[in-house]
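Biologist: Could you walk me through reading a few features of a model? I'd like the general idea each time, and then the case at hand.

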Amino acid sequence: MKIGEVAKQTGLSVKSIRYYHDIGLVHAERNEAGYRVYRTRDIESLKFVHQCRDLGFSLEDCKLLLGLRGNESRNAEDVKQLTSSHLAYVEQQIVKLQNLRTQLQQMVTQCQGGKQPHCAIIDSLNLELKSTS
């Protein structure tokens, strides 16, 4: 199957598929003309990677998960550890985003808006600059 069809079936862009191939995440055969030809197992691997990426796994994690997926003697604990580590990272990011939201809400609340030149948001950002210098 050619790369355009693979993109349609997997929901990935052609550029992403080529990149995944170039970094060794998937391995498509090349035909006599040099074009990549994707088989069913390659498409399934790409769909798996797409699902992993949608869940926020890094490309390195995707590579590990693909390896574990294809290993019939895998240890489920390895998969659980990898996923637990990713979950901890996601939870940290959620806390950071919640703090960011609180800060932005405070800035918006403090700013009176309008056509006046004074802006509490700019003042607040300037204070942040001074405190980090």
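Modeller: Gladly; we will go through helix faces, helix packing, an aromatic pair and a few single residues. Please keep in mind that this is a predicted model.

Biologist: Let's begin with the helix at residues 3-10. Which residues of α1 are buried?

Modeller: The general idea comes from the helical repeat. An α-helix has 3.6 residues a turn, so residues three or four places apart point the same way. In this model, the buried residues of α1 are Ile 3, Val 6, Ala 7 and Thr 10. Those four residues span an arc of only 105° around the axis, so they sit on the same side of α1.

Biologist: And what do the buried residues of α1 pack against?

Modeller: Their partners are α2, residues 14-22, and α3, residues 40-54.

Biologist: Now for a helix pair. How should I read the packing of α4 and α5?

Modeller: Two packed helices are described by the angle between their axes and the distance between the axes. Here, α4 covers residues 59-69 and α5 covers residues 76-110; their axes come within 11 Å and cross at roughly 160°. An angle over 145 degrees counts as roughly antiparallel, and α4 and α5 are therefore described that way. The crossing of α4 past α5 is left-handed.

Biologist: Which residues make the contact between α4 and α5?

Modeller: On the α4 side, they are Asp 61, Leu 64, Leu 65 and Leu 68. From α5 come Asp 78, Val 79 and Leu 82.

Biologist: I also like to look at rings. How many aromatic pairs does the structure hold?

Modeller: A pair of aromatic rings is described by the distance of the centres and the angle of the planes. This structure holds 1 aromatic pair. It is formed by Tyr 19 and Tyr 20, whose ring centres are 6.4 Å apart with planes at 50°, so the pair is tilted.

Biologist: Tyr 20 makes me curious about its surroundings. Which residues is Val 49 in contact with?

Modeller: Setting aside neighbours within four places in sequence, Val 49 is in contact with Tyr 20, Leu 25, Cys 62 and Leu 66. Val 49 lies in α3 and is buried, with 0% relative accessibility. Another residue of α3 is Ser 45, buried at 17%. Ser 45 touches Val 26, Leu 66 and Arg 69, again not counting residues up to four places away in sequence.

Biologist: How exposed are Gln 81 and Thr 109?

Modeller: Gln 81, in α5, is partly exposed at 48% relative accessibility. Thr 109 is also found in α5, and it is exposed, with a relative accessible area of 66%.

Technical notes: Residues numbered from 1 in each chain as written. Predicted model: local features only at pLDDT ≥ 70, side-chain atom pairs only at ≥ 80, totals over all residues. Heavy atoms only, no water. Phe/Tyr/Trp six-rings, centres within 6.5 Å; stacked < 30°, edge-to-face > 60°. Buried < 20%, exposed > 50% of the residue type's maximum accessible area, 1.4 Å probe, protein only. Helix = DSSP H or I, 4+ residues; strand = E, 2+ residues; numbered from the N terminus. Arc of directions from axis to C-beta. Contact = heavy atoms within 4.5 Å. Axes fitted to C-alpha atoms, helices over the stretch in contact; angles between N-to-C directions. Parallel < 35°, antiparallel > 145°, perpendicular 65-115°, else oblique. Left-handed = near helix turned anticlockwise from the far one by under 90°.
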